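Please look through the structure below before reading on.

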Number of protein chains: 2
Amino acid sequence: MVEFKIDPKKTALLVIDMTNEFIKEGAPLEVPQGRKMIPKLKKVIEVCRSRNIPVIYTVHVHRKDGVDMGLMKELWEPIRMGLVHVPGSEGVKIYEEISPKDGDIIIEKHRYSAFYGTDLDIILRNLNIDTLIITGVVTNFCCESTARDAMFRDYKVIFLSDCNAAFDMPDLGFGAVSYEEVQKVVCSTIAMGFGEVMSSEILLMRLSQEEEA
Amino acid sequence: MVEFKIDPKKTALLVIDMTNEFIKEGAPLEVPQGRKMIPKLKKVIEVCRSRNIPVIYTVHVHRKDGVDMGLMKELWEPIRMGLVHVPGSEGVKIYEEISPKDGDIIIEKHRYSAFYGTDLDIILRNLNIDTLIITGVVTNFCCESTARDAMFRDYKVIFLSDCNAAFDMPDLGFGAVSYEEVQKVVCSTIAMGFGEVMSSEILLMRLSQEEEA
């Protein structure tokens with residue numbers, strides 16, 4: 001297992017898809033665990049802002065005419081029906097409790113990965129970032145895809161075990177999968193081959209040690 | 001769950017990293033389950049060849065001077081030590097039982113994904129491919145990363161549940177993970193949001209139905 005040097009001057013925080021349509025109670029893509037982790041995520045966001053660590057939110061949207069959907073619309077009925085990921089809708093607003101502040105960055109994305117077909121890599125290079133703290137929903141979709149893509153580009157991935165949330169998956173031919181099982185396998189895979197996985201508490205400790213050093 | 005139309009004229013087979021250093025008994029990156037699946041994989045390869053479905057093998061290599069390693073060398077001790085992924089070595093040869101034949105394609109890659117920093121996408125476009133059958137090792141590393149990247153590019157992903165193999169992971173802070181647990185979570189995630197997951201038997205049936213149609 002790797003242990004990276006975290007230099008706050010070269011670190012950014014990614015907050016993935018914490019929009020109403022994933023987080024609000026009863027939302028079409030609801031991730032109940034995503035709502036439960038908000039107090040911890042909020043603290044991480046606030047500490048990052050106070051340390052001048054850029055806070056980058058992603059929002060998943062598709063054009064109303066569907067020209068950017070590709071196979072996303074085959075895989076997700078609510079996308080095909082235009083019920084989610086609609087630009088300008090309430091659904092794609094960041095959940096109010098952790099809404100962006102002046103100086104934060106918002107990126108629109110169209111696939112699970114925040115790198116694919118977006119300006120994220122351009123922005124990170126311009127900000128001289130080499131370390132990416134990854135948080136948000138859904139652990140095994142957008143968060144994991146983004147962690148993988150970050151590692152390919154040689155960003156040091158810090159994946160927060162308690163600030164990434166998954167949902168239960170039904171039996172799709174391999175048995176029903178609980179969100180705990182998802183979290184266990186994804187965190188282990190990332191810790192083994194993609195970066196560091198830690199709790200938000202450990203991250204905040206590492207950042208304050210860095211300050212003293 | 002999606003069910004794609006599989007057109008053999010627009011389909012390619014990917015055989016990921018089935019090299020000696022992953023497959024041979026006692027190899028440095030041994031995946032015992034990868035050896036066990038060879039009879040099934042061999043059959044898929046042979047049927048694809050007989051149907052003129054391009055067979056594309058990937059091999060993971062790094063330059064001896066390490067300039068293409070990036071964080072791979074921080075994450076994997078055998079890579080840092082130059083013990084694996086060495087161009088021209090016995091380790092990076094495809095395991096003899098399923099070695100490439102004339103007309104097959106071999107791609108060298110340097111990250112888990114067979115798309116990242118390679119000519120795979122160029123080749124698939126030139127061959128007019130829209131469907132990618134994914135097989136090989138390791139399920140939750142190179143195979144899953146390649147499946148994710150294929151879906152972002154709108155290739156129809158066919159992920160074979162019995163021709164992708166994982167290894168057990170030790171306890172990296174989240175409990176030990178068996179290869180069965182990996183397989184369950186990865187296959188479920190892909191079936192939910194990245195493509196179709198099926199056994200090799202079902203694939204061969206679907207391909208022969210296509211022939212009759």
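**Two chains and their contact**

The contact takes 48 residues from chain B and 48 residues from chain A, where contact means heavy atoms within 4.5 Å. This is a predicted model, in which local features need pLDDT of at least 70 and side-chain atom pairs count only at pLDDT 80 or more, while totals for chains, interfaces and linings use all residues. Residues are numbered from 1 along each chain as its sequence is written, chains are lettered from A and ligands numbered from 1 in the order in which they are written, and side-chain values use heavy atoms, with hydrogens and water left out.

Between them, chain B and chain A bury about 4200 Å², and 71% of this is on carbon and sulfur atoms. Buried area is the accessible area (1.4 Å probe) that two parts lose on being put together, summed over both. On the side of chain B, the residues that lose the most area to chain A are B:Phe152, B:Phe174 and B:Met192, together 19% of what that side buries.

Helices come next. Helices (H or I, at least four residues) and strands (E, at least two) are DSSP runs, numbered from the N terminus. The axis of H7(A) and that of helix H7 (residues 139-152) of chain B come within 11 Å and cross at roughly 105°. Axes are lines fitted to C-alpha atoms, for helices over the stretch in contact, and angles run from 0 to 180 degrees between N-to-C directions. H7(A) and H7(B) are therefore roughly perpendicular to each other; angles under 35 degrees count as roughly parallel, over 145 as roughly antiparallel, 65 to 115 as roughly perpendicular and the rest as oblique. Residues of H7(A) that make the contact include A:Phe141, A:Arg148 and A:Phe152, and those of H7(B) include B:Phe141, B:Arg148 and B:Phe152. By class, the contact of H7(A) with H7(B) has four nonpolar, four polar and six charged residues. Here Ala, Val, Leu, Ile, Met, Phe, Trp, Tyr, Cys and Pro count as nonpolar, Asp, Glu, Lys and Arg as charged, and the others, Gly among them, as polar.

Helix H8 (residues 179-193) of chain A meets H8(B), with axes that come within 10 Å and cross at roughly 110°. This pair, H8(A) and H8(B), is therefore roughly perpendicular. The contact is made by A:Glu181, A:Val182, A:Lys184 and A:Val185 on H8(A), and by B:Glu181, B:Val182, B:Lys184 and B:Val185 on H8(B). These divide into four nonpolar, no polar and four charged residues.

Inside chain A, H7(A) and H8(A) pack with their axes 11 Å apart, at an angle of about 0°. They are therefore roughly parallel to each other. Among the residues in contact are A:Ala147 and A:Met151 of H7(A) and A:Val186 and A:Ile190 of H8(A). The classes here are five nonpolar, five polar and two charged residues.

Aromatic rings also connect parts of the structure. A pair of aromatic rings is described by the distance of the centres and the angle of the planes. Rings of Phe, Tyr and Trp (its six-membered ring) pair if their centres lie within 6.5 Å; planes under 30 degrees apart count as stacked, over 60 as edge-to-face and the rest as tilted. Over all chains, the whole structure has 18 aromatic pairs. One of them is the tilted pair of A:Tyr112 and A:Phe141, at 5.5 Å centre to centre with 50° between the planes. A:Tyr112 lies in the loop between strand E3 (105-109) and helix H6 (120-126) of chain A, and A:Phe141 in helix H7, so the pair ties together parts that are 29 residues apart in sequence.

A:Tyr112 counts as buried at 4% relative accessibility. Buried means under 20% relative accessible area, exposed over 50%, partly exposed in between (1.4 Å probe, protein chains only). A:Phe141 is buried as well, at 2%. The ring of A:Tyr112 also pairs with that of B:Phe194, with centres 4.6 Å apart and planes at 55°, so this pair is tilted. B:Phe194 lies in the loop between helix H8 (179-193) and strand E6 (195-198) of chain B, so its pair with A:Tyr112 joins two chains. Ring pairs link A:Tyr112, A:Phe141 and B:Phe194 into a cluster that also includes A:Trp76 and B:Phe152.

Two single residues complete the tour. A:His62, in the loop between strand E2 (55-60) and helix H4 (72-75) of chain A, is buried, with a relative accessible area of 3%. Residues that A:His62 touches include A:His85 and A:His110, not counting residues up to four places away in sequence. A:Lys156, in strand E5 (residues 156-165) of chain A, counts as buried at 16% relative accessibility.
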